[in-house]
Amino acid sequence: MTYTFPEAGPSLISPDSYRSAVSRFDFHQKLFWHVLIVSLCGPALAVVPTAVAQDVGSAQSAAVASSMQQPLLMDAMGTELQRALTELGSAATPVASSSEKVLAQKPYFISYTVADAESVTITSQYGAIMNSNESHERTADVQVRLGTPAEDNTHGAHRSSALTTMALPLADDRAAIERTLWYATNRGYGKALDALEKVKTEQQVRAREEDSSPDFTEERPQVDILAKESPLSVDRSAWESRLREISGVFRQYPNIFYDTAVLQATHETDYFVSSDGTKVEAPNHVARLIVAARTRASDGMDMFRDETFEADSAGHLPDQTEVMAKTQAMAKGLNDLRTAPITEPYNGPAILSGRAAAVFFHEVLGHRLEGQRQRGDEEGETFTKLLGKPILPEFLSVADDPTLTNYNGYPLSGHYLFDNEGQPAQRVQLVKDGVLQTFLMSRLPIAGFANSNGHGRAEIGKMPTGRQGNLIVTSAKTVSDAKLRQMLKEAARKQGKTYGLYFEDISSGFAVTTRRSPQAFQVIPLVVYRVYVDGRPDELVRGVSIVGTPQAALRSIVATDDQPEIFNGLCGAESGTIPVSAVAPAMLVSQIETQRQAQGTSRPPIVPPPPLDDVASASGSPKGGR
Amino acid sequence: MRMRALLMIPALCSFVAPALGSVALAEAPPAADPILTAMQQELAREKSDLVIPGMLRPYFIQYRLEDIHTYDAIASYGALTRESENHQRVVRVEVRIGSEVSDSSSARGDGSLELAPGDGDPAALKYALWSATDDAYKNALRAYAAKQATLKNFQSAPTANDFTPAKAVTLIEPMATLTLDRDDWKHRLIEASGLFDTSPETRSFAEAVEYSSANLSALAVNRYTVNTDGTVLRHGYSGYSETVSVGGQAADGMELGRSNGSVAATATGLESAAALNKRTIDDLISFNDLRHAPTVDPEDYHGPVLFSGDASADVFNRLFVPNVEADRPDIGTSARTQGVYQSSYKTPILPSFLSVADDPTMRSFEGHALLGAYKVDDEGVPVEPVDIVVHGKLMNYLIGRQPVKDFPESNGHGRAMLGQSAHSRAGVVIIKSSDPLSADALRAKLLALAKEQGRDVYEVETMNGELVPRLLYRVSPDGKRTLVRGAIFDELDQRAIRSGILAAGGKPYIAQQVGLLPETTIAPELLFGDITVRRANEEQQKLPYYPPPALPQN
């Protein structure tokens, strides 16, 4: 099985991403289906107390419920969890065709996670609002584990058997909350029984596993009730005006055939109680503005750019002047890219900008240091046996530190206080002076690591796994930007090249970490320049894709600059889509291999875009150029 | 009848349709709507400019904008668990390459979708149309080439053309709106879903109710359509439905549930709060009755079963309606349509005392607004009543602009689900008997059969969508009814409705759905002579592993 990671970056939220033009259509269909699901499947949803709520919609009752009597929710969760622990498996059940009775399995662990989220999403395109919604949802994840920590129902491929997800009452109605939790727990227990039976049978017939670690770590209980979040407040009409103006920029670019500007703001409170005594309530709030656009060269090659702005609330996002300037620059850059010459195969030195290096490390290193990738029959285990050995040049160190809210004053989106298994966030030194120290651990143990280090993360409705938060790459061998550029030219000259490459921006493609695929990574360069040895001006090229193995690329880093850059984005993997950050300085790599990317063959649009002359533009964009 | 001569149009000569003339169905001038104006402007531009040099031009383009407004609320165990409202606009562009005789279209339907601006910005709307048109044209070129190549593999030509011409139609209807007292409905849902615990009638078995939920779904759709025939449409519909679902298990683990609701064209047409509560309590009581009901006999029963109007409508919706909706046959075959009635033209498919018509022009029936009613279909063809079955014989299929053998013209049944292309679909199906029996007479006939055969017979009140009975009664010859559980029907098929219906009642039941496409089916009770009632051999689920939390003391 191959996991693909639609990865890091605004690409994930933004409807349009690095993928082929098809994704645009998919997105629309998805959105569209979304509408259909909401409107047409009501009766089906009503059959059981509701599946996970998926839609975005307004909620009149929204603001009312959350902020008031929250102790009730936490209390109801605790009470019902205790009752489940006491009652489940306490009664003897009769066995068919026998007068004997057997005692049912008692769960050794139960946890209830509730995410109470209010959010606003506004989508605009080409100077107009496509969609503007608010929603309030409360969703419960119930985890039931049977057996023993050494071997339980989640073993191997049965990981998700522990999890049952259900929509909870939006108001603090104790009886309804408790009954919903009972319903979910009862179902979850049934699923867990079934899975445990399968696990036991499979373990009998299979060969001994390489990593015979237990299935669940033992942790100290955590109790922490953090300050409540203020209710979400977004001035929707003001933001709608702003978004019209931002996406209206693209009316000046007839060759950019797709654009979008999206605001997402969420205030969430996460409640967690578990049978090992943990009780945590923590706020989580984020606002994100994404601007993305796509164009196509005359040869059919699609090109994509995006800008993401991140803050703890919509009010703290950059002002309109800054966003407009960045959007203008992005649109112009994308337009230039359309007519840039196509790259040639290249194998030589290159600089990755800080932003590009951050994405590169997130993809190439970060994902492979996730604990669960070091065990299991399907995993590639690139770094499993390299613990205590150098995997990077000794001047580089890497930590993942979700406790940081910002870096040099800029907000980091991978910040959290407790992970999704109720464990406190921790700074983890993954690589010290080039040597691999540890992995990103959830409560799934691996050989040599029996405990979580606070990186068990998941989207609601998924089982947590080891994931990144804020990945921070630091360097002990820094030079100025100018010096780094100088070093690039020298390295190119030494290797007999007329130019070196400068990667200004890259988007992540996917990381393949499973055993059957080659250990390759695919990050998609968006903006690449040739830096000529003879002093000619830099030349923008398009169609570059990087090839090679991760370790080789990481070891050939020669030096870095002294100005780390931040990449904020969303990261998708088996445990869902979560916010992450990566911070890295620009890096000079002695050897990087590139080739021309696979590309679409569709022509650019045949008819020019509709003229704007008979229309009063919403944003007052210039009407020239057509 | 054949229109082939007219349709032998060279592929490169496009847009013949406006020559066919035009029909206006409303006084209002179409140009008044800015959305329609923007759509017409972009359509005109694409019509003149859209061509890759050396390739075919489109011969037909249609733009449809759907403005979809939805509201949903769900309550469970007496608490609201979800409320969502969404307003979205989508444009769908259909481009046809080739000619009416043979074009780029496939049985699945073709076209491209784009999001359209919610705020009516004409520049952004045209931009979305432009983008979708470009996609649709390129896809049509590819599809046309592939289809022509496929056709070369077959000896015989398709049995019908790909498309029928239509006259230009103008229809501007008032906008459909979503009108609903949201707070009132939320309270109703919260109350209804909590009745298992709060109502004295059901309190005694509240513990056994594993789920209890109520939901409301409201939808208002406005569709704006322009095409190169010159047709201009603005029409829409609204639909409201509420559903209550309750259920749990019998002592042997069998899962049992009741789920029903009302559907109407307006929120006020739904059941009142009092009626909703009454129905919910009835559902809870019948759920409890089912828990204690005996399971159906383990040995098969073959014999008479009386179907209520509700159950009869389900039977027709599943066994009959899809088969008279003419779908294009697979490429290379000589069939007329898809489905079991493809070669049943003018032959009996129902008993001679039954006739079936589809009449979407009928806007109400016995005071109820009919959801399946419309004036002009989604392909711009005015609808007419169609006699599908006359005295048992199949005389017509429901046809859109995709003709089938012997039926070269649309009868206005090209209907589209949201975001989809149009297919032949029913609107308001009415099943009538030329010899209707009163409810008493029908029941007497059932009991007479029981006496004659010297055994118990069956009567079904409601079924789920898969024709599995929910409320099924065993009826003894002396008229005593006993609720039974755990049964399925067998041999309930096209043969049963062709030759197995002994009599029909005179009290029509109106079954409506907003669903994927608003449709109405009006059916009488039906007495079948030989249906199999069999015990369902499903795995019995485990009873709850632990009891639910104690209910609050009221």
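Guide: Helix α2 (residues 34-49) and helix α3 (residues 122-151) of chain B pack at an angle of about 40 degrees, and their axes lie 9 Å apart. Axes are lines fitted to C-alpha atoms, for helices over the stretch in contact, with angles from 0 to 180 degrees between N-to-C directions. Helices (H or I, at least four residues) and strands (E, at least two) are DSSP runs, numbered from the N terminus.

Visitor: Before we go on, where do the model and its numbering come from?
Guide: The model is predicted: local features need pLDDT of at least 70, side-chain atom pairs count only at pLDDT 80 or more, and totals for chains, interfaces and linings use all residues. Residues are numbered from 1 along each chain as its sequence is written, while chains are lettered from A and ligands numbered from 1 in the order in which they are written.

Visitor: And which residues make the contact between α2(B) and α3(B)?
Guide: Among them are P34(B), I35(B) and A38(B) of α2(B), and P122(B), L125(B) and W130(B) of α3(B). Two residues are in contact if their C-beta atoms, placed from the backbone, lie within 7 Å.

Visitor: Now α8 of chain B. What span should its 15 residues have?
Guide: Helix α8(B), residues 439-453, should span 21 Å at 1.5 Å a residue, and its end C-alpha atoms are 21 Å apart, which agrees. The expected span is 1.5 Å times one less than the number of residues.

Visitor: Which residues of α8(B) are buried?
Guide: They are L442(B), L446(B) and A450(B). These cover an arc of only 85 degrees around the axis, which puts them on the same side of α8(B). The arc is that of the directions from the helix axis to the C-beta atoms. A residue is buried if 20 or more other C-beta atoms lie within 10 Å of its own, exposed if 12 or fewer, and partly exposed in between.

Visitor: What is on the other side of α8(B)?
Guide: There, D440(B), A448(B) and E452(B) are exposed.

Visitor: Changing topic, where is N451(A)?
Guide: N451(A) sits in the loop between β17 (435-436) and β18 (456-457) of chain A. With 13 other C-beta atoms within 10 Å, N451(A) is partly exposed.

Visitor: How far apart are N451(A) and E219(A)?
Guide: They are 232 residues apart in sequence and 7.0 Å apart in space, C-alpha to C-alpha.

Visitor: Finally, how many helices and strands has chain A?
Guide: Chain A has ten helices and 29 strands, and buried residues make up 54% of its 626 residues.
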